[in-house]
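Welcome, and please have a look at the model below. We will walk through it one part at a time.

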Amino acid sequence: MNILEAFRLALTGLLSNRLRSILTMLGIIIGVSAVIALVSFGQGIQNYIVNTFQSLGSNLMFVLPMTPSGPNAKTIKAKPLTMDDAKAIANPLEVSGVAAVAPIYSIYATVVVNKNSMVLQVGGSTPEWQVAREWYPGQGRFIEDGDVSTSAHVVVLGSSAVKKLFDPGDEPVGQDVRINNIPFRVIGVLETKGGGGGLADPDQIAIVPITTALTRLGDARARTSSGAYAVSAIVVKTISDKDTTPTKKAIERLLLDRHNVEYRGDEDFQVITSDQILSIFGNITGLLTAFLSLIAGISLIVGGIGVMNIMLVSVTERTREIGLRKAVGARYLDLMLQFLIESVMLSVIGGMIGILLGALVAFVATRAIPSLSLSLTLPAVLLATGVSTAIGIFFGIYPASRAASMNPIEALRYE
Amino acid sequence: MLFEQTMHTEQYVFPTDDRGRPAVIDIQNITKVYRMGDIEVPALRGVSLRVYKGEFVSIMGPSGSGKSTLLQILGALDQPSTGSYYLDGVDVAKLRDRDLATIRNRKIGFVFQSFNLLKRTSALRQVELPLLYGGGRDRTRRARAALEAVGLSQRMNHMPNELSGGQQQRVAIARAIVNDPAIVLADEPTGNLDSRSGTEVLKIFQEMNRTHGITTVVVTHDPFVARHTDRIIMLRDGVIVADQAVPDPILAGTVERPSDDSQLDNVLKDVYYAGKQEEYA
């Protein structure tokens, strides 16, 4: 029997029991569409995170305060990061390979212009910030050293903040805004950064001189016992990729010394590179994707068992037909092929419908949450097709071989 | 082809009857023992039989006589425990399962009591089925010819549930002859039919045999059916107890079926003189 005949035969078999075929396929359809939808969901989250961090800029590392975790944690008085720490890192005699160092003191504050108001992330920093973040003003100017030394009440706004606070056509530069009810003059507007897609818009930002932020916007507890101001983080940009590791080590050595850290586990700071952050999130989303795929995979296996179940029922039901086919000369392989193609067709057609359904789910989800931008990737489609074919074969072999190895005499006698 | 080689490795000389017809079926000393756990149940105890080309033979016997077992072995569905079986010159007793399937496909046509037609399949497709497994071209043309031969040229596209019992059995006969087999084996072919349809089927068998020379073996317990064949073989307890030519076989349709059982027995009286009647039917 040729393969074309076998296909025609299998199709006839499936069509003669339409409802049963459809119900069986449903298991595969749900499984495959779950795989497609969840894989593109995981992919969407991964893309989102990569986009968000790419908008941060490259060759970056962040020095952050940390609570000591070692055995001495309770007795140690953790020292916060200070402006002096930032100055020390910027000293080329202490740390080499550094392109820019920007201390940041960041708070959430209410910004009011006329009748418009919004809560913004307000960051206090230095002129170095624009170099570190590679993010420059599109209009007006950025904070200058003079603004920092005089604690000037000036602010640079992000483009989204401008859009929300000012009416269209208004010229923001030169106008006055109130941050936490303190008047500030707008001196510049940052270029639109984009990325991050709407969940966390990087352009919703305001930058003021760090000295102003610490003295006027921050709360008094931000001061250390010695009277120095504590900063939220220090952003360090290295000159090139190659400098990242040695620079990170040098910063750690410097701060261990400055903070009098003696034992491992007593560290009250940490240095994280942007690559590390990305890989941490990559691990999390990878795990998430794997977990979701596992669940979807389980539902696929359940679907496969459904296929096997129905094929076994079908083989038993058609015992006499099998006996007759054997009597007129069907060989083991002929019957094997007939039933195997039937189960493969069930699962592959189910798989195709599942891919379409999964794509539809991804499409609807993208419409609902545009920032996720779920995309149907070719690997996911190939995977789903391959897996559903494999399921058809794997779960079809046993019923098919049962049909093919029936004794024709007993099969013909079966009632 | 491997199959062709195994078919003719040793030279087999066809035995012939007094009219010079070669033996299509040639079994010698066949036994068949079924094992049920530790107990051995003999079904056939040394059966030798030759059916020559063009014969129309019936095999009769009470249930348990071994006639079903004999039919299964003749039909290459089963292998004898001992003894030899040459079917159209092929040493069937030595073949493996795979080659048995090929033998069934090329040399044997089956007709069953319950027709065994496929559901939701047109008459034409039913008849094509053996050709499907045998390969070869012209499937549709050959199937059409076979259906025409059984007088169903007007019913080719009908499904089994659109055909009468007699017509369904005629489709089955067409399916049995479509491969031009060496022998047609029929197992109680009229068992599920009323007498009118039974006569219709017997007519087809006779016509196939007489005008197309198709060798036919019918297994039946119905003396009236057996009376239509040219030769009756009686089996009892796994051995042949009688094997005799029918002097003047009934031409199907010319004799009304006797209405009561005693008359039915009389049908055989003029054929069989040896042995006790009640042993056979």
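In chain A, the centres of domain 1 and domain 2, taken over C-alpha atoms, are separated by 54 Å. Domain 1 covers 3-52 + 280-413, while domain 2 covers 67-267; such bounds come from an automatic or database domain assignment. Before we go further, note that this is a predicted model, in which local features need pLDDT of at least 70, side-chain atom pairs count only at pLDDT 80 or more, and totals for chains, interfaces and linings use all residues. Residues are numbered from 1 along each chain as its sequence is written, and chains are lettered from A and ligands numbered from 1 in the order in which they are written.

Let us begin with a strand of chain A, β6 (residues 176-179). Helices (H or I, at least four residues) and strands (E, at least two) are DSSP runs, numbered from the N terminus.

Strand β2 (residues 98-113) of chain A pairs with β6(A) in the antiparallel sense over two bridges; strands pair if DSSP finds at least two bridges between them. A:Ile179 in β6(A) is the bridge partner of A:Val111. Strand β7 (residues 182-190) of chain A is also antiparallel to β6(A), with four bridges between them, and A:Phe184 in β7(A) is the bridge partner of A:Val177. Two residues lie between β6(A) and β7(A), which form a hairpin, and A:Asn180 in its turn has a positive phi of about 50 degrees.

Now for the helices of chain A. Helix α3 (residues 83-90) and helix α8 (residues 244-258) have axes that come within 10 Å and cross at roughly 140 degrees. That angle makes α3(A) oblique to α8(A). Axes are lines fitted to C-alpha atoms, for helices over the stretch in contact, and angles run from 0 to 180 degrees between N-to-C directions. Angles under 35 degrees count as roughly parallel, over 145 as roughly antiparallel, 65 to 115 as roughly perpendicular and the rest as oblique. Where the two helices meet, α3(A) contributes A:Asp85, A:Ala88 and A:Ile89, and α8(A) contributes A:Ile251, A:Leu254, A:Leu255 and A:Arg258.

Another pair is helix α11 (residues 332-368) and helix α12 (residues 378-404) of chain A, which pack with axes 7 Å apart at an angle of about 150 degrees. The two are therefore roughly antiparallel.

Is A:Ile295 buried or exposed? This residue, found in helix α9 (residues 274-317) of chain A, is exposed because 12 other C-beta atoms lie within 10 Å.

Finally, chain B has nine helices and 10 strands, and 47% of its 281 residues are buried. Four of its strands form an open antiparallel sheet in the order β2-β1-β4-β5. β2 (39-52) and β5 (90-91) of chain B stand at the edges, each with a single partner strand, so one side of each has no neighbour in the sheet. Strand β1 (residues 23-36) of chain B is joined to β2(B) by 11 bridges, and B:Lys32 stands opposite B:Leu44 in β2(B).

Technical notes. Buried ≥ 20, exposed ≤ 12 C-beta atoms within 10 Å, placed from the backbone. Contact = placed C-beta atoms within 7 Å.
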